[in-house]
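Here is a short briefing on one protein chain. Look over the sequence and the fold before reading on.

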Amino acid sequence: MSRPRWLEILRIAVLTATFVFVLVPIVWVALASFKTPAQMAEPFLVTFGPTLDNWRSVLDSGILSAAGRSLIVGLVTVSISLVVGSMGAYVIAKFRAGGSLTRFGMLAAQVVPPAVMVFPFLTMAHALRLTDTLVPVIFAHLSFVLPLVTWFLIGFFEAVPSSLEEQARVDGFTRWQAFRLVVLPQVLPGIGAAGIFGFTLSWNDMFYGLILAPGNAAILPVAISNFNTFRGVQIGAMSAAIMIAIIPVLIASFFIQRRLVQGISGGAVKY
């Protein structure tokens, strides 16, 4: 049965409004990155003579070094999360390890405020003399990326037929070989999506980086906040820095969109 016409119109209107709501801030930031301070006084000015002064200022400020540090933190965090999370998700999906409590308990880090979570990491950094380094930032990011990656992958492992693994065991594979050579290849798309999802979370985090590595080891979001100076917010330069930060996220979102809902809903308890 076809949908009522008014419902289709409403759906299109909601999608259009959502698209505009998301797109307008990005367009505004992109335009602001090419405006002079005088042009910035007119926020709705679309036609103007662009300038590259903001981009030169940002590139000279060491923002690319901060982006490199964010890249290192994101890649290390995601690598550890995928290795540990894939094994954890497999055990939960195939053997129901821990029951329903484990599935929901692993998301406890998302419920506890970051202000509470950061204190143990700060204490650890001081005790190990790792203050203002990337190590405590990586551990802090693991506290919320690893549980979400594990949750994300549970549904993908549950979708793998048990008969494939059983046949591998009959053929003489050990359980580890069956997992590595038979099961993992079946969930590679989900692992890729989980990796991009986890990297995006790590890339966008500012709170832990601001507390644990505010100085020479500052990551990209912290470096962007430095454009809020005692003379006021350098809107043009900050806009250029924001564009450097959001372009990788936009590209990652394009590749993850198909698998995102499947992974998050798949982590829920199934009856």
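Among contacts between residues at least 6 apart in sequence, what percentage join residues at least 24 apart? The figure is 75%. Keep in mind that this is a predicted model. The protein has 14 helices and two strands.

**Overall build**
- The C-alpha trace spans about 75 × 65 × 30 Å along its principal axes.
- The protein has 271 residues, and 39% of them are buried.

**Nonpolar core**
- The largest nonpolar core holds 59 residues.
- Val 58, Ile 63, Leu 153 and Phe 157 have the most contacts inside this core.
- Eight helices each supply at least two core residues: H4, H7 (114–127), H8, H10, H11, H12 (207–212), H13 (220–225) and H14 (235–266).
- Helix H8 gives the largest share of the core, with 15 residues.
- Leu 153 touches Gly 85, Ser 86, Ala 89, Gly 190, Ile 191 and Ala 194, leaving aside neighbours within four places in sequence.

**Helix H8 (134–158)**
- Val 135 counts as partly exposed because its relative accessibility is 34%, a value between the 20% and 50% cut-offs.
- Ile 154 has 0% relative accessibility, so it counts as buried.
- The C-alpha atoms of Val 135 and Ala 213 are separated by 9.3 Å, although the two residues are 78 apart along the chain.
- Ile 154 and His 141 are 13 residues apart along the chain, and their C-alpha atoms are separated by 20 Å.

**Helix H7 (114–127)**
- H7 has 14 residues, which should span 20 Å at 1.5 Å a residue; the end C-alpha atoms are 20 Å apart, so the two values agree.
- The buried residues in H7 are Val 118, Phe 121 and Ala 125.
- An α-helix has 3.6 residues a turn, so residues three or four places apart point the same way.
- Helices H8 and H12 are among the elements that cover the buried residues of H7.
- Arg 129 follows H7 and has a positive phi, near 60°.

**Helix H10 (175–186)**
- H10 has 12 residues and reaches 16 Å from its first C-alpha to its last.
- That length is close to the 16 Å expected at 1.5 Å a residue.
- Ala 178, Phe 179, Val 182, Val 183 and Leu 184 are the buried residues of H10.
- These buried residues pack against four helices: H4 (63–95), H8 (134–158), H9 (162–170) and H11 (188–204).

**Largest pocket**
- How much space lies in the largest pocket? It contains about 170 Å³.
- Its lining includes Val 24, Pro 25, Val 27, Trp 28, Leu 31 and Lys 35.
- Pro 43, Phe 44, Leu 45 and Val 46 also line the largest pocket.
- By class, the lining has nine nonpolar residues, one charged residue and no polar ones.
- Lys 35 is in the lining, and lysine counts as charged.

Terms used: Residues are numbered from 1 along each chain as its sequence is written. This is a predicted model: local features need pLDDT of at least 70, side-chain atom pairs count only at pLDDT 80 or more; totals for chains, interfaces and linings use all residues. Side-chain values use heavy atoms; hydrogens and water are left out. On a 1 Å grid over the protein atoms alone, a cavity is a set of points where a 1.4 Å probe fits but cannot get out, and a pocket is an open set with protein on both sides within 12 Å along at least five of seven lines; lining residues have an atom within 4 Å of a point. Grid points are joined across faces, edges and corners, and a volume is the space filled by probe spheres set on the points. The expected span of a helix is 1.5 Å times one less than its number of residues. Buried means under 20% relative accessible area, exposed over 50%, partly exposed in between (1.4 Å probe, protein chains only). Contact means heavy atoms within 4.5 Å. A nonpolar core is a set of buried Ala, Val, Leu, Ile, Met, Phe, Trp, Tyr and Cys residues joined through side-chain atoms within 4.5 Å.
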